[in-house]
Amino acid sequence: MPRKSKTKWEFGDFQTPQSLATETVSLLATLGIAPQSIIEPTCGRGSFLLAAAEKFSMAKTVIGADVNPQYLREVGPKLSLLGLKAKTSLITGDFFSLDWSTILDSLPEPILIVGNPPWVTNAELGMLGSGNVPQKSNFQKQSGYDAKTGKSNFDISEWMLIKNLEWLEQRRGTIAVLCKSAVARKVLQNAWKNKRPVTSAKVFGIDAKEHFDASVDACLLVIELAEGGVSKECRVYKSLSDSEPSQVIGYCDDIVLADVELYQTWQHLKGNDNAYIWRSGIKHDCSKVMEMERCGDKYKNGFGELVALEEDNVYPLLKSSDIGNGAVRLGRKYMLVTQRFVGEETSAIRRIAPQTWRYLEDHEEAFERRRSSIYRDRPRFSIFGVGPYSFAPWKIAISGFYSGLTFQIVGPGDDKAVVFDDTIYFLPCWSEAEARFIGALLNSEPARAFYQSMIFWTDKRPVTIELLKRLDLGAVSVEMNCLTQYQRFAEQRSVSERKVTQNQMALWG
């Protein structure tokens, strides 16, 4: 994929080919959509605005807005050539500062909001130092650590589309936009959760690689809203030309479901498992320093440097590629682990592992370049996602990125606990017997079917910790007629964790 220019990256500036805009608008007409007002809030060079204005020539009002005045200067003459009877208005301004309430107040209904909002995340805009962002707010309602990490990252188009939903809360109209498929589901979840008056929802797949040279699963999202709407399902079509849906996704228990019927069959497995809590691997954002290969009695880091380190803080490492292909590959990588729990003072490393301390100090600049706020006001060389569970001798792990629902049992390596990077989720276990028992529950048909009902495999990260936490292993053990064995392992866990923690404290001094 060609390298994006700063302007294209900052504004998510993927201009829609006129042929795609025309095909999309023609589809809307076949769906019976007949707007009196047309709005494209980020119209760019006007492909959608022009196609919609021409197709729906009965519309009384046509409005295009964009932050780039040059684009609007190109659109104006093209609109004039259409000879529209509608009142047309082109507004220069960014989406986040325009007074949309005033713009919308006098519009005749039904309203069609159409277009291709920016394909860029707030994190990417932060990296660019862009001001073209919404006013900061935790609109996803994340808390604590989640609000500071990737879980609080969102696509700018998601924020915009939720605003579009709010615009039509008390109005009659349709939202028809191109977006990432994952964004479409988040917007639908917002609509369903907040009881927006949805009368119909449809998703049509598009080839983002062909149209935008973007390697992402994308779609046309069409949501119709009107007073009294209560629809909680969305028909999914593989392409704009398909007449029959390939899938119907739905909503239950505040979850967007890939298979409603399958979920309803296994819904009784949902619950909070207080004994077995899913964890993420260690987050350090400094891979060239912290991740290494063993070379004889030394280690080679990501800069190609050979370094001598004490073994106390070095642990065998597994990444997604080491477990995501159906087999566990140990011995490929190692991780330097600087803390036993989040917030622990790291200065003790100077005493117990002086070579390691010098190595860390030699690369302090790399740690200081880390942008995430989670490292602010923390001890030097801090990491996250670390605790007693990180040093459990046995673990059951799964990659968040790979398409496959196989849970891998991971035992010790080099007589040490194996650690993971933060693309892996795991359950810590304190014996091989426990790991094999819990692994069998997770790989059982009921557990797999429960998870399958909620997974969208085309997502960049189809398996998430939120998904994994929805399963109550106690309920699965009832289904598999082994509740007593489950309870026995669950009761032993706190004692086993204390023993491992004590051993770890003794090892590090």
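Serine 157 touches Pro117, Pro118 and Val183, when residues up to four places away in sequence are not counted; contact here means heavy atoms within 4.5 Å. The structure is a predicted model, in which local features need pLDDT of at least 70 and side-chain atom pairs count only at pLDDT 80 or more, while totals for chains, interfaces and linings use all residues. Residues are numbered from 1 along each chain as its sequence is written, and side-chain values use heavy atoms, with hydrogens and water left out.

Serine 157 belongs to helix α8 (residues 156-167). Helices (H or I, at least four residues) and strands (E, at least two) are DSSP runs, numbered from the N terminus. Serine 157 is buried because its relative accessibility is 2%, where buried means under 20% relative accessible area, exposed over 50% and partly exposed in between (1.4 Å probe, protein chains only).

Helix α8 also holds tryptophan 159, which counts as buried at 14% relative accessibility. Aromatic pairs were assigned to rings of Phe, Tyr and Trp (its six-membered ring) whose centres lie within 6.5 Å; planes under 30 degrees apart count as stacked, over 60 as edge-to-face and the rest as tilted. By this rule the count comes to 22 aromatic pairs. One of them joins phenylalanine 95 and phenylalanine 96, edge-to-face, at 5.8 Å centre to centre and 70° between the planes. One aromatic cluster is formed by Phe95, Phe96, Trp100, Trp159 and Trp167.

In helix α15 (residues 354-362), the buried residues are Thr356, Trp357, Tyr359 and Leu360. These residues lie on the same side of α15 because they cover an arc of only 160° around the axis, the arc being that of the directions from the helix axis to the C-beta atoms. An α-helix has 3.6 residues a turn, so residues three or four places apart point the same way. The cover over the buried residues of α15 includes α12 (287-290), β12 (291-295), β14 (306-307), β16 (333-336), α14 (349-352) and α16 (364-368).

An open sheet of four strands runs in the order β11-β20-β17-β18, with antiparallel pairing; two strands pair if DSSP finds at least two bridges between them. Its edge strands, β11 (279-280) and β18 (408-410), each pair on one side only. Strand β17 (residues 394-399) pairs with β20 over six bridges in the antiparallel sense. Lysine 395 stands opposite proline 428 in β20. Lysine 395 also lies over the face of phenylalanine 426, at 5.9 Å from the ring centre. A charge sits over a ring if NZ of Lys or CZ of Arg is within 6 Å of the ring centre and within 35 degrees of the ring normal. The charged end of arginine 185 likewise sits over the ring of phenylalanine 456, 3.9 Å from its centre.

Threonine 423 lies in the loop between β19 (419-420) and β20 (424-429). With a relative accessible area of 13%, threonine 423 is buried. Leaving aside neighbours within four places in sequence, its contacts are Ser320, Ile398, Ser399, Gly400, Phe401 and Arg461.
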